Amino acid sequence: MTELFNKSSELVKRRILRTNPTPAETKVWTRLRKRQVENCKFRRQYSIGAFVVDFYVPELKLAVEIDGS
């Protein structure tokens, strides 16, 4: 699974994105964290291949990308 998801080579990029979220990402994250939506575990700044998505739900294979404000 680590061949495609959350590559260690993308760790620094993910960490930088988590520490510098956009205002829109911050607002959405306050509603998604701690299993507040349908008891789903959302992950922040999750890498899939060469891309880093804003939010990801592994059990649903759902990726959410927030663009703009």
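## Sheet, helices and core

In this predicted model, Y46 stands opposite V53 in β2.

Three strands form an open sheet in the order β1-β2-β3, and their pairing is antiparallel. The edge positions are taken by β1 (43-48) and β3 (62-64); each has a single partner strand, so one side of each lacks a neighbour in the sheet. From one strand to the next the twist averages 55 degrees.

Five bridges hold β1 and β2 (residues 51-57) in antiparallel pairing. S47 is another residue of this pairing, and it stands opposite V52 in β2. Strands of a sheet pair through backbone hydrogen bonds, in either the parallel or the antiparallel sense.

Strand β2 is mostly covered, with six of its seven residues buried.

The whole structure holds four aromatic pairs. In one of them, the rings of Y46 and Y56 have centres 4.6 Å apart and planes at 15 degrees; planes under 30 degrees apart count as stacked, so this pair is stacked. The pair links distant parts of the chain, since Y46 belongs to strand β1 and Y56 to strand β2, ten residues apart. Both Y46 and Y56 are buried. Together with F5, these two tyrosines, Y46 and Y56, make up one aromatic cluster.

**Helices and the nonpolar core**

Helix α1 packs on the sheet and touches β1 and β2. The direction of α1 makes about 150 degrees with that of β1. Helix α2 (residues 23-32) lies across β1 and β2 as well, and runs at about 30 degrees to β2.

Which residues form the largest nonpolar core? There are eight: A24, W29, L32, C40, F42, F55, V57 and I66. The elements giving two or more residues to this core are α2 and β2, and α2 supplies the largest share, three residues. One of the core residues, V57, is in contact with C40, K41, F42 and L62, leaving aside its neighbours within four places in sequence.

E10 lies in the segment before α1 (11-19). Is E10 buried or exposed? Its relative accessibility is 13%, so E10 counts as buried, the cut-off being under 20%. The side chains of E10 and K13 are joined by a polar contact of 3.0 Å. Beyond its neighbours within four places in sequence, E10 is in contact with S47, G49 and V52.

V52 lies in strand β2. At 15% relative accessibility, V52 also falls under the 20% cut-off and therefore counts as buried. Leaving aside neighbours within four places in sequence, V52 is in contact with E10, K13, R14, L17, Q45, Y46, S47 and E65. Of these, E65 is 13 residues away from V52 in sequence, and their C-alpha atoms are 9.0 Å apart in space.

**Turns and positive phi**

The hairpin of β1 and β2 has two residues between the strands, and G49 in this hairpin takes a positive phi near 65 degrees. The hairpin of β2 and β3 has four residues between its strands, with K61 in the turn.

Most residues other than glycine have a negative phi. R35 has a positive phi although it is a residue other than glycine, and K61 is likewise not a glycine. The two residues are set out below.

| Residue | Location | Phi | Relative accessible area |
|---|---|---|---|
| K61 | loop between β2 and β3 | about 55 degrees | 70% |

How values were computed:
Residues are numbered from 1 along each chain as its sequence is written. This is a predicted model: local features need pLDDT of at least 70, side-chain atom pairs count only at pLDDT 80 or more; totals for chains, interfaces and linings use all residues. Side-chain values use heavy atoms; hydrogens and water are left out. Buried means under 20% relative accessible area, exposed over 50%, partly exposed in between (1.4 Å probe, protein chains only). A polar contact is a pair of N or O atoms within 3.5 Å; within protein, one must be able to donate a hydrogen and the other to accept it, and residues adjacent in sequence count only if both atoms are side-chain atoms. Contact means heavy atoms within 4.5 Å. Two strands pair if DSSP finds at least two bridges between them. Axes are lines fitted to C-alpha atoms, for helices over the stretch in contact, and angles run from 0 to 180 degrees between N-to-C directions. A nonpolar core is a set of buried Ala, Val, Leu, Ile, Met, Phe, Trp, Tyr and Cys residues joined through side-chain atoms within 4.5 Å. Rings of Phe, Tyr and Trp (its six-membered ring) pair if their centres lie within 6.5 Å; planes under 30 degrees apart count as stacked, over 60 as edge-to-face and the rest as tilted.
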